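Open the model and keep the sequence beside it. The walk below goes from strands to core to helices.

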Amino acid sequence: MTQTRQLRRYDIQPGAMDAFVEWFRGPLMQARASHGFTAESAYVDALENTVTWVARFEGTEPEFLAAERIYEESPERALAFETYPGTIQAKYSAIVQAISD
């Protein structure tokens, strides 16, 4: 089956990384998983206060984007954001493809 990946990067407020990572691992990932998204990988750059991660979805890019729109309006996301620690200063995202050999 086709998989679609989205590279996401968040700039995190200085001193707030631990709170963000706790929220990311718990409520955020639970909400995303309920809509078919998984974190393929996730990394913290402590020097730059950034989190970079890859969201994976089983489906085509249009299916990914449709699922993301549904997720954005979902009660699961709303519940996750009730505990959001307010730590993201900026965010960037793009659908990406692997570089083939």
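What follows is a tour of the strands, the core, the helices and a few single residues.

This is a predicted model, in which local features need pLDDT of at least 70, side-chain atom pairs count only at pLDDT 80 or more, and totals for chains, interfaces and linings use all residues. Residues are numbered from 1 along each chain as its sequence is written, and side-chain values use heavy atoms, with hydrogens and water left out.

Begin with the strands. Helices (H or I, at least four residues) and strands (E, at least two) are DSSP runs, numbered from the N terminus. Two strands pair if DSSP finds at least two bridges between them. Strand β2 covers residues 37-45 and strand β3 covers residues 50-58. The two run antiparallel and are joined by eight bridges. Within this pairing, Tyr43 stands opposite Thr52 of β3. β2 and β3 form a hairpin, with four residues between them.

Look at the turn of that hairpin. Asn49 is found there, in the loop between β2 and β3. Its phi is near 55°, a positive value in a residue other than glycine. Most residues other than glycine have a negative phi.

Now move to β1. Nine bridges join β1 to β3, and these strands run antiparallel. Thr4 has Phe57 as its bridge partner in β3. β1 also pairs with strand β4, residues 88-96. That pairing is antiparallel too, with eight bridges. Here the bridge partner of Leu7 is Ala94 in β4.

Next comes the core. A nonpolar core is a set of buried Ala, Val, Leu, Ile, Met, Phe, Trp, Tyr and Cys residues joined through side-chain atoms within 4.5 Å. Buried means under 20% relative accessible area, exposed means over 50%, and partly exposed is in between (1.4 Å probe, protein chains only). The largest nonpolar core has 20 residues. Those with the most contacts inside it are Ile12, Phe20, Phe24, Leu28, Phe37, Val51 and Trp53. β1 (3-12), α1 (17-33), β3 and α2 (61-72) each supply at least two residues of this core. α1 gives the most, with eight residues. In soluble globular proteins, nonpolar side chains tend to be buried together.

Follow α1 along its length. Its buried residues are Met17, Phe20, Val21, Trp23, Phe24, Gly26, Leu28, Met29, Ala31 and Arg32. They pack against β1, β2, β3, α2, α3 and β4. The helix bends by about 40° at Phe24, and a proline, Pro27, follows within four residues. The bend at a residue is the angle between axes fitted to the seven residues ending there and the seven starting there.

What does Phe20 touch, leaving aside its neighbours within four places in sequence? It is in contact (heavy atoms within 4.5 Å) with Tyr10, Ile12, Val51, Pro85, Thr87 and Ile88.

Arg25 and Ala39 are 14 residues apart in sequence and 9.5 Å apart in space, C-alpha to C-alpha. Ala19 is also found in α1. With a relative accessible area of 36%, Ala19 is partly exposed.

Turn to α2. The expected span of a helix is 1.5 Å times one less than its number of residues. The twelve residues of α2 should therefore span 16 Å, and its end C-alpha atoms are 16 Å apart, which agrees. In this helix, Phe64, Ala67, Glu68 and Tyr71 are buried. These residues are on the same side of α2, because they cover an arc of only 105° around the axis. The arc is that of the directions from the helix axis to the C-beta atoms. Pro62, Arg69 and Ile70 are exposed on the other side of α2. The buried residues of α2 pack against β1, α1, β2, β3, α3 (75-81) and β4.

Finish in the loop between α3 and β4, the place of Thr87. Is Thr87 buried or exposed? It is buried, because its relative accessible area is 2%. Leaving aside its neighbours within four places in sequence, Thr87 is in contact with Asp11, Ile12, Gln13, Ala16 and Phe20. Asp18 and Thr87 are 69 residues apart along the chain, and their C-alpha atoms are separated by 9.9 Å.
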